[in-house]
Structures are given as structure tokens and as C-alpha cells.
Amino acid sequence: MTLSRETRTSPDRAELLPLVIVGAGAAGLMAAISAGAQRASSLVLLERTRDGGRKILISGGGRCNVLPSALEPRDYVTGSSPNSLRKLLLAWPLREQRYFFEQELGIPLKVEAETGKVFPVSDRARDVRDALLRRAREVGTEVRFDTTLKELVPPSTPGGAWTLALEGGGRLRARAVILASGGLSVPATGSDGTGLGILERLGHTLTPLYPALTPLLADPPVHAGLAGVSLEVTLTAPGVRGRSQDRGGFLFTHRGYSGPTVLNLSHLAVRSRSEGRHQPIEVRWTHLAREEWDARLMGETSGELGPLLRRALPQRLADRLLEEGGIAADTPLARLRREDRVRVSTLLGAYPLPWTGDEGYRKAEVTGGGVRLDEVDPRTLESRLHPGLFLCGELLDAFGPIGGYNFVWAWSTGRAAGMGAAKEG
């Protein structure tokens, strides 16, 4: 790593920078753009990878689901202040975010009709990352790649400078610092939790961390033979308060289960394991609930059970459910015994998903937990413990479901932190 003049000198003699941003992901790039647009002096953005924005590049299968088409704060998960979360999400309305991407960044967007997700017209995540990086530089941001923050030392006196110790021995000084270094999810993109560790050492309270939006596992992999089968389902986590149901895509994998519905409820499973219990998850394989299937099967007077299920489900899944229920496919519907009808109705409308674990941070879309929202100013995201320190993105205790919601969190918190720090630095 080549160090600048500032990083080669001692902290007492190094140039005092107005603002340093740590992390060139979605939140950090938005923070740089927002801060740069508010001030005439330059700012510095540090990024540990060689190019930045790597989660942007892999999002949406390389297409980048920039935004959802609608937003409800209640869809988000936090272990701290729901009121602060709501204020942050509503401070920058979706229509204004879309205007920013289309008019200020020059990225035309489209709504995917079947999902309501918003993508760039080009279907290229790289276009989004490159536009954000280009705009950050246009407003005066000096981007330093291959530069890793090791430690952050607060000012020794009120109004003094922050010291940023870098790997390799370099140091920087700054009047204000924005931490946008991400969490622990998808470590291959450069996220290793360094910022969370620094914040904990600085006295911030972390809501316990856990992998969120991550695939679930089954050990033994009882459904490995169904790998590749996908369909629309409804998942329910019985006995859970708040968001405990989701409808959408479901995918069998060689090791367990994935797809948007599984990812969206996975945090309930992950957290239950950490608490020493097992959260049941039930699957409704079709639009019909258990009671509706029971009524339908009771009313059928002709045909056989197997063909009926194969019309409603992928054949491999239909056959597997019949096998698990111990019921022959050629059973006449008119002769279906009550106990068999109840068993089939349960398998179809309230199937107990046999999950035993999860894929962890390696495949988690986001990190659950993080710095409590009541420890930052919801207007500026300045730390209530350390004036001059601003936090945004995945470091904070909040995340949303699949579908662009976590980008909204990154864009909104990055913008708020950038605007707040611009006034401070």
C-alpha cells in the first residue's frame, strides 16, 4: 500500500483533514456524495479493497436491486429504537431517492412488474457502483483504495482531532469521521466487522450480532433430492410477534433451503438457536391453508390423490410429500380416509420445515444487530457518545427484507451522516 504524505507523518504533524469517511460501500459512497455536495473543501474516503462497492456488484445476481417500489418501516427489524428507525427511513422519501439515481447519477431505473423491485434499466450492478464512485469524486472526494483502518482514537480535548491508525503504520487526523465500514456479512466483499469492534471499544452498545437474510440448513439434508426445485410459498413462524410471515420464492438446495421467503424469516431461526431453542417454521406450499385443503379433499369425489397434488405442485415435491405422508399416489380421492386427509392437508398447508442450522455470515445478506439506534442522533447520525463521529449503514441495528430495502437503509443513513458531518468537519 502506498501511503500519502499525511499517513507517513506523525499524528501531531500530519495535515488536519476536515472529514474522513471509512468504507466505500453503498452507505459510504452516499455519505461522500452528500458531504461533498454540502462543503467546498475536499474529503477523504478510505476503502480496504482495491475497487469498493463490492456488495453493490453482487446484489440482485449482478443486476442491483436499487430500491423497492414501496416502503413500510414496520418491515424492518431492529432490537433498539423503532421510532429512530422510522425517522431515518422517512427522512428521504423513495420518490426523491429515485430522482437522485435517475437525474443526478444518470442511471435510468425500471420497476420489475412481477416483484415490484427497482433495477437499473441496464441490469448492470457495475453501472450503479461506478456512477456512485464517479459522483463522489466529482464533489471533491479523494478515494484511497487498499487502505485499512486499524483503530480510531477520539480527540483528547473537546473539539480536537480524531486520529485514524491505519494498517501498515500510517496515521491520519480529522475533525470529523464517518464510519461506514459494514458488518460481518459476505466477508469475501471486504466486511470483517472491524468498525463494530472499534465502536464497542469506544463505548457504544451493540445489540447482539447475528447473520440475517441467510439460507437455512438441514442436517442430515433430508431434501437434497429436491435440490433445484423452486416455487412460490408462504412461510410462517408460529408464536412470533411482529413480522412472522412471508410469501414469495422458495428454493430447495443440496444442503437445505433458500429463496426470499427463507432469507426473510431466517433471523428468527438464527436468533432462536442463539437462545437455546428451536423456532418452528411452517410452509404453505400453495395458496391454500391447511383447513382449505382439508375442505377441498373432502369435497373431491373423483380422481386420484397423486395427480391432484402434481397439478398443484412440482412433481418431485408432490411425490416427496406423498412419500413422507405414507400415502399411495393412486389412492382414490373418494376413498381417502379421514386420518390420511388430515395428514395430507397438514403436509400441504402447514408443513414443518426440518431446518437445523444456517449458512452464517458467509452467505448472509446483512448483519443483524449493531450499534443501538438511540446512541446516535436520528437527524445527523452523530454519535451521542463522541461528537464528531458519525455512523451509517450496516453498523447500525436495523435491516430490512430482500428486495432493495437494505439499500434504502444504506442510502438514507449514508445521506444523513454525510450531511451531518459536512456541518461538523
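Predicted model: local features only at pLDDT ≥ 70, side-chain atom pairs only at ≥ 80, totals over all residues.

Q: Which strands form the edges of the open sheet of 7 strands?
A: The strands of this open sheet follow the order β16-β15-β12-β13-β14-β11-β17, and their pairing is antiparallel. An edge strand pairs on one side only, and this applies to the two strands at residues 351–352 and 357–358, namely β16 and β17.

Q: At about what angle does helix α8 run to β13?
A: Helix α8 is made up of residues 260–274, and it lies across β11, β12, β13, β14 and β17. Taken against β13, the direction of helix α8 makes an angle of about 100°.

Q: Which helix lies across β15 and β16?
A: The helix in question spans residues 338–349 and runs at about 95° to β15. Its name is α12.

Q: In the open sheet of 3 strands, which residue of β5 is the bridge partner of leucine 109?
A: This sheet has the order β3-β5-β4 with antiparallel pairing, and its edge strands are β3 (67–68) and β4 (109–111). Strand β4 is joined by 3 bridges to β5, which holds residues 117–120. The partner of leucine 109 in β5 is proline 120.

Q: Which element supplies the largest share of the lining of the second largest pocket?
A: The second largest pocket has a volume of about 460 Å³, and among the 20 residues that line it, those closest to its centre are Thr115, Lys117, Arg247, Asn264 and Ile402. The lining divides into 5 nonpolar, 8 polar and 7 charged residues. Both α8 and β13 supply at least two residues each, while the largest share, 5 residues, comes from β13.

Q: How many residues in the lining of the largest cavity are charged?
A: The model holds 1 cavity of 30 Å³ or more, and the space in the largest cavity is about 40 Å³. Its lining includes Asp75, Arg243, Asn264 and His267. Sorted by kind, the lining residues comprise 4 nonpolar and 3 polar ones, and the number that are charged is 2.

Methods:
Residues numbered from 1 in each chain as written. Heavy atoms only, no water. Pairing = 2+ DSSP bridges. Helix = DSSP H or I, 4+ residues; strand = E, 2+ residues; numbered from the N terminus. Contact = heavy atoms within 4.5 Å. Axes fitted to C-alpha atoms, helices over the stretch in contact; angles between N-to-C directions. 1 Å grid on protein atoms, 1.4 Å probe; cavity = no way out; pocket = protein on both sides within 12 Å on 5 of 7 lines; lining within 4 Å. Points joined across faces, edges and corners; volume = space filled by probe spheres on them. Nonpolar A, V, L, I, M, F, W, Y, C, P; charged D, E, K, R; others polar.
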